[in-house]
Amino acid sequence: MKFLCEKGKLQEAISIVQKAITGKSPMPILEGILINAKGSTLTLIASDIDLSIETKIESEVMEEGILVVDAKIFGEIIRKLPSSKITIETKENNIINIHCEKSDFDLVHMNGDDFPGIPIIDEDMVFSIPQGTLKNMIKGTSFAVAQDETRPILTGVLFEVKNRELSLVALDGYRLALRNELIDTDNNINTVIPGKTLNEVYKILEDSEEIVNITFTQNHILFNLGSTKIISRLLEGEFIKYESIIPHEYKLKVEVNRAELLGCIERASLMAKEGNSNLIKFDIQPDTLIITSNSQLGKVKEEANAKLQGETLQIAFNSKYLIDVLKIMDDEDIVMELTSSISPCIIKNKDSQNCQYLVLPVRLVK
């Protein structure tokens, strides 16, 4: 193998595929990046079996070949080389030589034939969506996936397509996040993608109108971004019937400025660090939302302007869950729909209808 390519392009390609390497694999070869030099293209692949990422860059290939290099050291070497053209070629005894200007490295490589094959997916396109739209949907839901493995299905995000609408849903038993967007497909899909996969997809997606093509099989999902493909296994099992959890009726509705409320909650939460409850209390009045927190550290009172429809209410929350929601919402004003101090709170944008968030209150001991 021998090829020549730009340092910047190679570094970016390594950065993309490295996202599939967890460092926890029992197979040493999965600590590496597969490099395939063929024609005028360099293909890089990394995988932890559950998640595989492939990306292609232009390269001047003088001698075709395939091999695997340790991802960590190879990535470090390329990153620290001068911004110039890099020549890489194989030598005897499983060595590759990396040459750039006056820098010269010899690095041990592994046999490319020993690298596990990535799943082959028939790309009969299922649907397309702008990268920026999908990126925003992932941001708006993945924070709510369960972190413990007691219910593995909840460590993933539901990917549901029906009635020409894509919905992403995540829940962890304390909160629920739902984002939806209209898409151009007649397919119906209901599957669950690991949350950690979507977090890596989020990092690779661009905040643009460029299209990502998404294809499903029974066991895998493929995100095709053109020069980069991301393939992930799907989680087994059935997701919770989330529609039955979301209340569709309420007794009071509060309209409040999102940034003002977020600031009040963040300050109030400074006094709520005692234990892990992060407990803050809401006293919802006709024109004011009063937020308080008491602990051994002291106490705090904050007020936010609010418009109330319905009866006044006192209710308590874990401040972290509210902060997580308010930080990722887009609209200037939001609406909170409530029924009682022990029933879920629904949070929506005032104007756009593309998201719903459910947060369970904390029961107060009387």
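Is aspartate 186 buried or exposed? Aspartate 186 is exposed, at a relative accessible area of 66%; exposed here means over 50%, buried under 20% and partly exposed in between (1.4 Å probe, protein chains only).

A note for every view: this is a predicted model, with local features needing pLDDT of at least 70, side-chain atom pairs counting only at pLDDT 80 or more, and totals for chains, interfaces and linings using all residues. Residues are numbered from 1 along each chain as its sequence is written, and side-chain values use heavy atoms, with hydrogens and water left out.

**View 1. Arginine 164 meets aspartate 186 in a salt bridge.** The closest N and O atoms are 2.4 Å apart; a salt bridge takes a side-chain nitrogen of Lys or Arg within 4 Å of a carboxyl oxygen of Asp or Glu. Arginine 164 sits in the loop between strand 11 and strand 12 (165-171), and aspartate 186 in the loop between strand 13 (175-182) and strand 14 (189-194), so the pair ties together parts 22 residues apart in sequence. Strands (E, at least two residues) and helices (H or I, at least four) are DSSP runs, numbered from the N terminus. Arginine 164 is partly exposed, at 35% relative accessibility.

**View 2. Glutamate 337 and lysine 348 form another salt bridge, 3.4 Å from N to O.** Here strand 23 (residues 333-338) supplies glutamate 337 and strand 24 (residues 345-349) supplies lysine 348, eleven residues apart. Glutamate 337 is buried at 9%, while lysine 348 is partly exposed at 22%.

**View 3. Phenylalanine 282 sits in the largest nonpolar core.** Such a core is a set of buried Ala, Val, Leu, Ile, Met, Phe, Trp, Tyr and Cys residues joined through side-chain atoms within 4.5 Å. This one has 99 residues, and Phe282 is among those touching the most other members, along with Leu10, Phe127, Phe159 and Phe223. Helix 6 (residues 319-328) gives the largest share, six residues. Leaving out residues up to four places away in sequence, Phe282 touches partners including Leu261, Ile291, Phe317 and Met336 (contact means heavy atoms within 4.5 Å).

**View 4. Strand 6 (residues 65-70) pairs with strand 2 (residues 32-38).** The two run antiparallel and share six bridges; pairing takes at least two DSSP bridges. Isoleucine 35 has leucine 67 of strand 6 as its bridge partner. Strand 6 also runs antiparallel to strand 9 (residues 103-111), with three bridges, and valine 69 partners histidine 109 there.
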